[in-house]
Amino acid sequence: MPQVKTHKLVFGYRRRQVIKGLTLSFGTGVHGLLGPNGAGKTTLMRMLATVNRPDSGTLTVLGDPLSSEAGLRSVRRRIGYLPQAFGFYPRFTVREFVEYFAWLKEVPRGRLSDAVDRAIERVGLGERADDRLKTLSGGMLRRVGIAQAIVNDPEVLLLDEPTAGLDPEQRMDFRVLLRDIGRDNCVITSTHLIEDVAAACTAVTLIDSGQSVFQGTPAQLIAAGDPDCDGDTPVERGYTSVLRAFRAAS
Amino acid sequence: MLLTEYRRGAGPLLTLTVAALVWLRLFGLVLRFPGSWLDSATEVLTAPIAPLVFTAAVWQASRERRRDMDDQLGSSARAAWRRRGLTWASIVLGGALGVALVVGVAVVLLVARGAYAAPGWWWPLIITVLGIGADAALGVLVGVVFPWPLLGIVLGVAAYVVLSEGRGPFRWWPPFDGYWTPDAGPHSLIALTLGIGVLALITLASRHRMALLAVPSALVCQMFLDDTTSFWRVDPRAGELVCRESVCTSRASVHTLDTVFAIAKPLLDKVAGIPGAPTTAAPSNTGASLWVTGMHTGWDGKQLFEPESPRYKRLLVQTVVTARCAAHDELSAAASAWWTGVVSSPQEQAALARVERLSPEAQRTWFGDYLSALRRCDAAALAALR
């Protein structure tokens, strides 16, 4: 059963419609959400994270249609979210910041300390746990963002551009972490880095102009690639081919 | 979480600045003794800490938007009012801790000196803490509404100054004359209004539906408060005399008794046995006794500002030697100078010299005659004494 389902989802900012009747489903595994700039990836992620409510259509997360306050709160306890614009309090230490989010996610008091330590260790910041955030590099801050997103062991993890600012070694470590979390949970990661998708994702969703273009496995995306299309790698060629075909048809 | 929010936010700075302001209000720069328990509590209440607390709260509450935390916080399970409540509580902790630090010092001094505790003396402290709560809640609301903390702070402090003019805490100050103690009823109403006000502001800042109930309730309480004219009742016990031998102070000023005794007793001894001369010192200005007025003392219990107490000596004898029926300033000054030994002008020195040319026994007779003539307003007799 899919952990996240959208059906004819519509959302816009004032008069501009950004999501136009999206119907998608995401089950256990690591899902890469791809699309060009302005495709609506971040808007969709914000909706999946329950920050924005749909204008119409239905959004079901972990079996809950998010129609009641109690249901919304219950779902929020079980999701993790790293937004594209990750905000932080520079005077907090890594541990304090992650602990703050554990509190916000209503991690039970008895489990809180262990959950915080585990999240910090999983992103490789154990030795910097007591350092203030203002002393960390951009890549380290991104890892703090991931730590706050996973501190509640989320069943649905939403990561918007999580590898931005990470060096190649950190990105490889991050992929390992993604695969680990994605074994039992639903991970949706929005990215521009197609090689990350090919390396770490079990499924790919491609959207353009707020509409679904492709949903399948990385292998299926590669298979859809036209050898004459632009792109340095098979997955890039698949991405470009599918996108061009969609644009030509619409 | 509260301690983290306090330590990493504006809390520590607020604690220090509030402590400094309350310290200055309570002890001044000269480290004066704060007075009775009620006087001390009232001084704490009147310390101008509201703009500080408000400013800190605006800063702290606007932090979420300043730091672009909206998305992360918007997807968290914890209710918004709990988050706002945490911010509010950290500011209240900062302000209350600043007050508590200074009050702690005052408590030690007050206990050590056996200062008078009027019934309900602690009300101003309760109101102070609740006031910090209300100021912080207002700051949280402004901080949430205005993403630019500086504008919020400027607007808030300006509103404080305008609204405080003749209203707000100033109405709650005790009357200047007589002995008063907080009236429990009106002070309970103040506390209730501030408490519900906090609830209203926090629920408004969190867009919680409880605001629909809390805001009207706070307004109703405020209306009742506006109709309340008296927040104090007379404290008859405070005016009772507490004496050592023949030197007395009011119970409210009992902490000054040692100092007053040390100054007044030699004066009484000097005129002992002179017919008509006062035999007691008391807080009464009828002229029948030395007039014991209020006195600022320091930590060591000694009088402040004038270590030799020449002015206080003159104050003590003033109502006894001052003519009330005719102008005899020169005689009055001579009598005061002879009695206290304090001379403040060449004219007084000359007048004193004339008296001191007499033998000691004649000087005492002269002083007795002066007091007798003064009481009778006998102009001829007074003229003869020149």
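A nonpolar core is a set of buried Ala, Val, Leu, Ile, Met, Phe, Trp, Tyr and Cys residues joined through C-beta atoms within 7 Å. The legends below describe a predicted model.

**View 1. The largest nonpolar core.** This core holds 103 residues. B:Val53, B:Val140 and B:Ala264 have the most contacts inside it. Helix α8 of chain B, residues 123–145, gives the largest share, 11 residues. Both domain 1 (2–237) and domain 2 (240–384) of chain B supply at least three residues each.

**View 2. Surroundings of B:Val53.** Leaving out residues up to four places away in sequence, B:Val53 touches B:Leu14, B:Ile91, B:Gly95, B:Ile132, B:Asp135, B:Ala136 and B:Gly139.

**View 3. The second core.** A separate core has 76 residues. Its members include A:Phe11, A:Leu33, A:Val61 and A:Val144.

View 4. An unreviewed UniProt entry lists transmembrane regions in chain B, including residues 45–62 and 86–109. Residues 45–62 are 78% helix and 0% strand, with end C-alpha atoms 28 Å apart. Residues 86–109 are 100% helix and 0% strand. The end C-alpha atoms of this span lie 34 Å apart.

**View 5. Contact between chains A and B.** Chain B gives 15 residues to the contact and chain A gives 22 residues. On the chain B side, α1 (2–8) and α6 (70–74) are the elements that give two or more residues. The largest share, four residues, comes from α6(B). By class, the chain B side has four nonpolar, five polar and six charged residues.

Technical notes. Residues numbered from 1 in each chain as written. Chains lettered and ligands numbered in written order. Predicted model: local features only at pLDDT ≥ 70, side-chain atom pairs only at ≥ 80, totals over all residues. UniProt positions renumbered as here; feature names shortened; annotations may be inferred. Buried ≥ 20, exposed ≤ 12 C-beta atoms within 10 Å, placed from the backbone. Domains from an automatic or database assignment. Contact = placed C-beta atoms within 7 Å. Nonpolar A, V, L, I, M, F, W, Y, C, P; charged D, E, K, R; others polar.
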